Every structure is written in structure tokens, then in C-alpha cells.
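I opened a new page for this chain today. I wanted the overall make-up before looking at how its elements pack.

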Amino acid sequence: MRHQQPRLLLHSVIAFLFCATTAHAQMEVLKDLYERAVNAYNSQQYDQAIGFYQQIVKAAPGFAPAYNGMALANQAAGGDENKTIEYLKAAISYDPKMAPAYDNLGRIYYGRQDVDHSQEYFEKALKADPGLSSAQLSLAWINLLVRSKPLTALKYFKMVLAVSQDPKIYYGMGSAYFASNQRVEALEMITKLHVMGQEDLATRLEDSLRNNTHVNTEADANAGGGSPPSQPAGLGPLPATADKPTGMQVRLRGKLSDY
């Protein structure tokens, strides 16, 4: 019987190596599928991208980024928005810390003028990722234009300012300062906008202070390229970029182990 122990150990080692090799092979297949999904998405082949993502979730049902990817592709393809929401909620059910999925849900609900749910998801996005500037900016505009809470808006604008010098942030801060009767600080924002060459935004704030009227929130919305009142500056789809063609937020590249 003593001679059987090394043989049993050898069998255990072989079984372990087989399982490890199989798991590694499966991971490589999933990585390849994910890269193909991303490439299809970036090539605007959205149906193909969805097909690859569906293969991923069939093999690995708990892989949250694939659900977020399906949401992106479905939205870009003009699919049913309720399906996009379903995919995003699936993503956060598997990964409750997936901040981009919460951020995307916040944008969708804001587009539906459901500000309560929108704010809820933006706040959850920040809880998952306190440095997510897109959620900070969205909450800043919600509190300024919808909730009439300029001091809370200022808190979020200042968070965004730490990582971005976008003129609309100074404009938002100037609006919030004015709305909270901090005229000296509002004037400082006007000066900053003049220095940046943002004469239109500076003039809007100057006119509000000169006429001693409340900041025109419709003008605020238009300043960011949105359409009031459902989509003020900083909310709704972001400007398209190479890695975010639809404006929704997602990390499209990287190793699977990063997620």
C-alpha cells in the first residue's frame, strides 16, 4: 500500500494541471471573444458585437463587462432602450462595484426625465468610484438646475475641476455662486472665463449679475450643448470619442483580470 501513495499524488498533480490548463485555455478564448466584440463595436458592427458578447456570457454568465458591452452595442444600434437598461442592471447585479454601468443608467433615466432614479444611479456610481468625474458633473448640474441646491452643486463642480479645466465647469461654478448670492466668487469665474477666451459664457454670467436676475437655466443647458430642460450641460450622451462612440461609459480594452 505504501507504493500507492506516490502514484495517487501523481494522479492528483496531473488532474490539477489538466484543470489549470483547461481554465487557462477557456480564459484565452474569452479574451479573444472580448477583443473581437470590442473591435466589432468600434467598427460599428453592433449586431456582431452583441453576438460575441452573448457567447461570452453563455460561457461565463457572471462576466459583468460583457453585459455593459451589450448595453453599449444595443444603444448604438438603436435597440430597445428597456433592453439596454436590462443589460446594465445585469452588469451591476454581477458586479455591484461597476461604476460605469451605474453612470450609464443615470444618463438613460435623466434622458427620460426621471431625475430621482437618475440621481440615485449617479450617486451609486460615485459610491463605487468616488473619482468618476462624469457622475460628479452630472450631479453638479442636477443640483444646480433641477434641485435648486447651488451649494451642493458647487461641491461637485469643484471635484470635477480637480481633473478638468473645461470652461463649462467654471461657467457652472459661476452660476452656482450667483445662485447662492456669492457675487464676488461669481465675478472671479467671469474673469477666469475671459482669460480663457470664453466670451460667450462670460457674457451670460455678466448679464445675470448686471440685471440682478437668476441665472437663465435654459441658457445654462444650451451652453453645454444639451436641450433644456431634459438634458443640461454635462448630462445625456457625452461627446463621441474613439473609445466611447456612443457617449456611454465603459472600459473597452484591457485584460479580463482587470475587471
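**Entry 1: the model.** I noted at the start that this is a predicted model.

**Entry 2: elements.** I looked up the secondary structure. I found 12 helices and 0 strands in the chain. Read from the N terminus, the order is α-α-α-α-α-α-α-α-α-α-α-α.

**Entry 3: burial and surface.** I checked how much of the chain is buried. Of its 259 residues, 43% count as buried. I put the accessible surface of the chain at about 13,700 Å². Carbon and sulfur atoms account for 53% of that surface.

**Entry 4: H5 and H6.** I turned to helix H5, residues 99–111, and helix H6, residues 115–128. Their axes come within 8 Å and cross at roughly 165°. Angles over 145 degrees count as roughly antiparallel, so H5 and H6 are roughly antiparallel to each other. I logged the crossing of H5 past H6 as left-handed.

**Entry 5: who touches whom.** I listed the residues that make this contact. From H5 they include Ala99, Tyr102, Leu105, Tyr109 and Tyr110. Asp103, Gly106 and Arg107 of H5 also take part. On the H6 side I wrote down Val115, His117, Ser118, Tyr121, Phe122, Lys124, Ala125 and Ala128.

**Entry 6: residue classes.** Which classes make up the contact of H5 with H6? I got 10 nonpolar, 3 polar and 3 charged residues.

Notes: Residues numbered from 1 in each chain as written. Predicted model: local features only at pLDDT ≥ 70, side-chain atom pairs only at ≥ 80, totals over all residues. Heavy atoms only, no water. Helix = DSSP H or I, 4+ residues; strand = E, 2+ residues; numbered from the N terminus. Buried < 20%, exposed > 50% of the residue type's maximum accessible area, 1.4 Å probe, protein only. Areas by Shrake-Rupley, 256 points an atom, 1.4 Å probe, with all protein chains shown as cover. Axes fitted to C-alpha atoms, helices over the stretch in contact; angles between N-to-C directions. Parallel < 35°, antiparallel > 145°, perpendicular 65-115°, else oblique. Left-handed = near helix turned anticlockwise from the far one by under 90°. Contact = heavy atoms within 4.5 Å. Nonpolar A, V, L, I, M, F, W, Y, C, P; charged D, E, K, R; others polar.
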